[in-house]
Amino acid sequence: MPVARRETCDGRVIAHVDMDCFYVQVEQRKQPSLRGLPTAVVQYNSYKGGGLIAVSYEARKSGVKRRSSIHEYKNVFVFSSMRGDEAKEACPQIQLVQVPVARGKANLNTYRNAGSEVVSILSRKGRCERASIDEVYLDLTDAAQTMLMETPPESVEHVQEEVLKSHVLGLQIEDEDDAKEEVRKWLCKSDASYQDKLLACGAFIVADLRMQVLKETEFTCSAGVAHNKMLAKLASAMNKPAQQTVVPQSSVEGLLEYFPIKKMKQLGGKLGTSLQSDLGVNTVGDLLQFSEDKLQQRYGINTGTWLWNIARGISGEEVEGRLLPKSHGSGKTFPGPQALKTIGSVQHWLNELCEELSERLDSDMDQNKRIAHTLTLHARAYKTGDSDSHKKFPSKSCPLRYGTTKIQEDALTLFLAGLRDFLSFYNFKTHGNENNNWGITALSVSASKIVPIPSGTHSIAKYFSERFPSGSSSNQSVDDVIDEVAPSSPSAGSDNCLGVIPSELQLEYPEEDTGVNHSKACLDHQDLLCNLSEKVDGLTEESSHVALPGNEDRMTRNEPYRDLLSKEPRLAFNASSLKAVEKKKAAGKKPHGNSSIIKFFNNYHNSQSSFEQKNVTNAQGVKIPLLHGSQSASGSNLTSNQVEMASEIHQLEEIDANNSGCSIDTMPQGSQAWSYNIDEIDPSIIDELPPEIQEELRTWLRPRKRPNVVKRGSSITQYFRPDKGR
Ligand code: TTP
């Protein structure tokens, strides 16, 4: 959900640094003989020479590009990547390098590590947020202010070439030969506004950092320097490779005037489509004609304000001080004939993926003293005869237990729960249950909710030995239900945005595999990778449904299970997990502690005119009520940290479901429920709510409550029980 945040200070100096053709540069550093040659990195899948995932600028000149075609399908953009064979036709001298491989899949560790090298240099000058495998935001406000006080640009005698090569948006340059001199004059103007002076300092600092990166890592990068993240990011892509672009406040209107609306972050999906089709907005500048009120009426208060702000280049989003990824993941696609069709083959690949995930979790724990809380499984699947069914495989999450075997067991359990739902959904749709011709075209596991190990824990070994007395957890099945969404928002910094969704998962595949649909027409890496996870997430239920002990009979009484079991006997060993899912569903989870919130929103709702409701119907072509937050593919369960309310308000606030991780869908007619996912409550808006619900929300936003936790034995989830330590 786009979140409108007030601009904290328009005197901020924010930089967005993006590596140039990153994987290619990493490969060229490994093999210096490739430097200067047209080069591309191809994915592991070698079909037709492998899909291109990174292309050098030399190769781009010959028409080689990552994407060879793009078309819109059901409001999402479907990309198909250029393949090695095609690239050779366009550029016979191209050097194709295959992405490193481990465990039968792409291994991105080299690139991750190379990204970390860059981050460690960039973070020397200010707060640094690692936004993807090759992108970083920097808040250079303090550094720029210090420079302005101590060595203002006008006092600099020799301005470095790299600074003079800056592009300053809005600066009129008559003769290219004079460009550097014009830039120098702008940077060193003594009567410039305070904001422009700060940006000029930012340009000096960023040029310096980029030179440092080149010197220490041999990588070039490009950058945008502006007053906020949104503008800095737009600018960094404007002049590549190895250049930087400055956005003075006076140039913002001109920059946004013709900027395609669907290319804006968060507007590549349904919200952007609605803006185009319902309001005729094609560029960001077109938004200026609408008042904030009008946008709020149409899209809800938050989104309306957010849209009003972006039209003016306003964004208060802070640079988060984060050098480490928010999550880890490992995934692989199985295009076309490679689709996995048996539980055994799924288990094989899950084991591989989990092994990699486990290694990365261990090294994160060793190096950074951090542990992850949640394990999530995503998959794409098809059901023969239903070309659309890959959209419905529900993602599942559970508490993460450390140890490769446990992660493997739990991932399989999650997969089975997802498959069960997937098949039952299909059966429901087709009014038949005889057909189990499913295939899995993508699998990924991720670990999220990563936090530092609580301080005061003397050693990790001690920490774990205390939490897991020997023998207590070795055979533990997944025993808790986490009613929370898995990481699905496009929030930057998740390792899903750091290349964890593997390259192979990002490209379209031949024949029957539909490949990956991206909801944005033109995406940078971060958006693209995030979209990948969004795509998977957006299609699926996020709540976890995992094992409770006992009750085997429930399992066998249950039709979908029995059906599945008869066709896939290997499912039986995880029967307890599945039956727990069913039990949970049957029990029907109820929201907790939401009385005042319900009251508030009911009142709010009552005070809304029917106009809003009509808009919803118009915008989406569907009847409300809509379901906010995470949503079951099978259209049923709400999770306990979602607040279920008899209300239909704010329907369009999170209309851009693809981008927000919130899902919007029709509910059965007559159902008047909507839900709000606690994870997606922006803490900064709490102060704006009535006092009576502020406290309640704050309580919820404190360390997560897990009302459904089943207390069993010793497990990492036990340790992190919300009541622990209180
Ligand atoms: P990008 O930053 O999108 O692109 P790039 O660095 O290759 O090129 P540019 O100079 O235009 O920024 O992606 C960073 C890396 O992420 C890229 O080198 C390879 C990887 N990647 C994939 O594996 N698959 C994809 O679909 C994309 C977009 C990127």
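**A pair to start with**

Select Arg401 and Asp410: their side chains meet in a salt bridge, 2.9 Å from N to O. Keep in mind that you're looking at a predicted model. Arg401 is buried, at 4% relative accessible area, and Asp410 is buried too, at 1%.

Next, pick Glu317 and Lys229, which form a salt bridge at 3.1 Å, N to O. This one links distant parts of the chain: Glu317 sits in the loop between helix H13 (301-311) and strand E14 (328-333), Lys229 in helix H9 (residues 229-236), and they are 88 residues apart.

**Into the nonpolar core**

Show Tyr23, Tyr111, Leu138 and Leu187: of the 55 residues in the largest nonpolar core, these touch the most other members. Helix H8 (residues 194-217) gives the most to this core, with 11 residues. Zoom in on Leu187 and look for its contacts beyond the sequence neighbours: Pro153, Val163, Ala200, Ala203 and Phe204.

**Last stop: Val225**

Go to strand E12 (residues 221-226) and click Val225. Is Val225 buried or exposed? Buried, with a relative accessible area of 0%. Among the residues it touches are Val13, Ile14, Leu199, Ala203 and Val247.

Notes: Residues are numbered from 1 along each chain as its sequence is written. This is a predicted model: local features need pLDDT of at least 70, side-chain atom pairs count only at pLDDT 80 or more; totals for chains, interfaces and linings use all residues. Side-chain values use heavy atoms; hydrogens and water are left out. Helices (H or I, at least four residues) and strands (E, at least two) are DSSP runs, numbered from the N terminus. Buried means under 20% relative accessible area, exposed over 50%, partly exposed in between (1.4 Å probe, protein chains only). Contact means heavy atoms within 4.5 Å. A nonpolar core is a set of buried Ala, Val, Leu, Ile, Met, Phe, Trp, Tyr and Cys residues joined through side-chain atoms within 4.5 Å. A salt bridge is a side-chain nitrogen of Lys or Arg within 4 Å of a carboxyl oxygen of Asp or Glu. Lists of a residue's contacts leave out its neighbours within four places in sequence.
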